[in-house]
Amino acid sequence: MAKNGVQHEVEQFLYRQSELLDGKQWQGWIDLFTPDGVYWMPPEPSHTTWEGMPAIFAEDKNLMTVRMKRILHPDAWSQRPLWETNHVVSNVVIEKETKNEVLVRSRFHMLELRRDDVRHFAGRYLHTLKKTAKGFAIKLQRVDMANAQAAYDYVIQAWV
Amino acid sequence: MLQERIPDLSKYVEPDRVRREVYTSPEIFELEMERIHEKVWIYCGHETQVPKAGDYYTVQIGRQPMIMVRGSEGKIHVLYNRCPHRGNMIAGDRKGNTGEFFRCSYHAWTFKHDGKLRSIPMMESGYAGTRINKDSPELCMKHAARVENYRGFVFASLAKDGPSLKEFLGKAIVAFDDMCDRAPEGSVEVVPTCFRVIQHSNWKIFLENQLDALHPSVTHQSTGRAAHDVEKLIEKETGKSPIAYHMLSAFATVTIDKWDNFQTINYPYGHCILTGYMGLRPQDPDTLAYDKVMIKAYGKKRFEEIVGVNIHHVLLYPGLSVQSPLQQLRAVRPLGVDKTLTEIWHFRLKGAPEPIYRRSLAYYNLVNSPSTLINADDLENFWKCHQGLSSDGGDWVSFARHMGRDLEKDGAVETAPNCGTSEAPMRNQMKAWAEYLRG
């Protein structure tokens, strides 16, 4: 029963995270991370660290703030018109739970509409969640996109 | 025949402007591929991409799918990716190791790394009395007419005749010297991740943007401002912010008029250098530690010469943009008149301390990765340019900024003091373009 409780809480947390992204609630999304939290998207699944490695994203909260401020700047030309995204998160499995942390893997599928073009990004999330008094906080989110190594038709501007 | 469909090329290019069809006409694109990309020296890759015998990378040269492969004898070969039997592509993967030989997936013809025929199934029983025998040269995988390697950077030309690689690069060869000399061991090795991004625009639009010193503070101000805000915030909290923030904030804090302080130097064949701010030498502990290693390797005098080279970007026409002080490059592969692939690589200075690699890596990730905070807005402009040029709203593209103030010196065209935003690089590129197309 207790186990089911954590499973449910983790799922609700992941759903909230994707809703914040789709809702463009950038600050709310950044606030989900611990003060030293990192969002990491490796270009290849074999990578085991972002330290000293090429990365599509390897952002702490300061860099996340740069990205947010840029997207919101009126002269971020490529961000006008804004895009729409739709995330579906599923296959949520608790990999490991300790007193302070939960390691959870899941799958995502994201559809993006930019002008008239639709793109799909899909792959795996691996969240290291810290248990805090206010609920979970993300210590590390690893994002392995199935299409990470494909040529990018245009680029990606917000977190996936 | 193409020439007949484009009767008077000279009508398309004037010293200060070019017609829009130069960017949008499929006929002109075919002519460009034939007379430029499939003729001149095109960058294939770095030798450290293929360290072991049988290692290969596929690469597009003009319209030709090629394979760069390391031979068993250590030499690098560049071959057409085509089986001489029925035309099947030999390498289906983008990269890999082919083992001791290539084997066609269709009928098992095999080839050595230099393209020479190795075996054909049923050679004796199947081909007796035919024109096919194992010594027929047409049964080899065709190789690029010429291959040259300069300090590890491998180029191929599909034309038998023409200037040598060194003659072709001329003084713009400094792109590779500047990159390699900054390594205490005098050479670089590739970081084995290639970022690939597709632009929906003509290949020339990208090249013209590379040395356009006016665009950064307009195109990139959103990121420059955002990075500036956070840079100041971190400084307030910790006293010092990482240099990566400055690399981004410089796009906005250097205002339009300041960009005129930089300079472009334009060379024959369309090559060009933009001098600039990346040449500044910070005095932080990481740099000072690096300086020590460099002085030990080169001596004080040579060290000063090496780190004194003032380059932001080198453009090697028609397909390579090199940022030597940050050890990265972008190779431009035209896929169609309105579609261009860029392959973006980062290199490690051999023998340099780790923090120096990390510093340029930060730039690679923030500026050149698929989540780029900078190139996104360039790509948007490129796409918009191509859309506008496809319209009947006007016939010409103007390159007149600071025209008439350029200074000719030793066969190169330098922009005059305080004319760094001159459109001289675009004029120089189009001049080379017109010469190539006249054949």
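1. In this predicted model, B:Thr110 stands opposite B:Ser119, a residue of strand β10(B). The strands concerned are β9 (residues 110–111) of chain B and β10(B), which pair in the antiparallel sense over two bridges.

2. These strands belong to an open sheet of three strands in chain B, ordered β8-β9-β10, with antiparallel pairing. At the edges stand β8 (102–103) and β10 (117–119) of chain B; each has a single partner strand, so one side of each is left without a neighbour in the sheet.

3. Chain A holds an open sheet of six strands with mixed pairing, in the order β2-β1-β6-β5-β4-β3. Its edge strands are β2 and β3 (84–97) of chain A, each of which pairs on one side only. On average, and with direction ignored, neighbouring strands of this sheet are turned by 20° against each other.

4. Within the chain A sheet, strand β5 (residues 117–132) and strand β6 (residues 135–145) run antiparallel and are joined by 10 bridges.

5. Helix α3(A) lies across β1 (33–41) and β2 of chain A, and runs at about 70° to β1(A). Between the two chains, 26 residues of chain A are in contact with 33 residues of chain B. On the side of chain A that touches chain B, the elements giving two or more residues are β2 (57–59), α3 (61–72) and β7 (152–153) of chain A. By class, the residues of this side of chain A divide into 14 nonpolar, six polar and six charged.

6. Strand pairing also links the two chains: β7(A) and strand β14 (residues 195–199) of chain B pair in the parallel sense over two bridges. Here A:Asp153 stands opposite B:Ile198 in β14(B).

7. Chain B is divided into domain 1 (42–150) and domain 2 (171–213 + 260–438). The C-alpha centres of these domains of chain B lie 33 Å apart. Their contact takes seven residues from domain 1 of chain B and eight residues from domain 2 of chain B. On the domain 1 side, strand β3 (residues 42–46) of chain B gives the most, with three residues. The residues of that side of domain 1 of chain B comprise three nonpolar, four polar and no charged.

8. Helix α10 (residues 243–253) of chain B packs against helix α14 (residues 354–368) of chain B at an angle of about 45°, the axes being 9 Å apart. That angle makes α10(B) oblique to α14(B), and α10(B) passes α14(B) in a right-handed crossing.

9. Which residues meet where α10(B) and α14(B) come together? From α10(B) they are B:Ile243, B:Ala244, B:Met247 and B:Leu248, and from α14(B) they are B:Arg359, B:Ala362, B:Tyr363 and B:Leu366. By class, this contact of α10(B) with α14(B) has seven nonpolar residues, no polar residues and one charged residue.

Definitions and conventions:
Residues numbered from 1 in each chain as written. Chains lettered and ligands numbered in written order. Predicted model: local features only at pLDDT ≥ 70, side-chain atom pairs only at ≥ 80, totals over all residues. Axes fitted to C-alpha atoms, helices over the stretch in contact; angles between N-to-C directions. Helix = DSSP H or I, 4+ residues; strand = E, 2+ residues; numbered from the N terminus. Parallel < 35°, antiparallel > 145°, perpendicular 65-115°, else oblique. Left-handed = near helix turned anticlockwise from the far one by under 90°. Nonpolar A, V, L, I, M, F, W, Y, C, P; charged D, E, K, R; others polar. Domains from an automatic or database assignment. Pairing = 2+ DSSP bridges.
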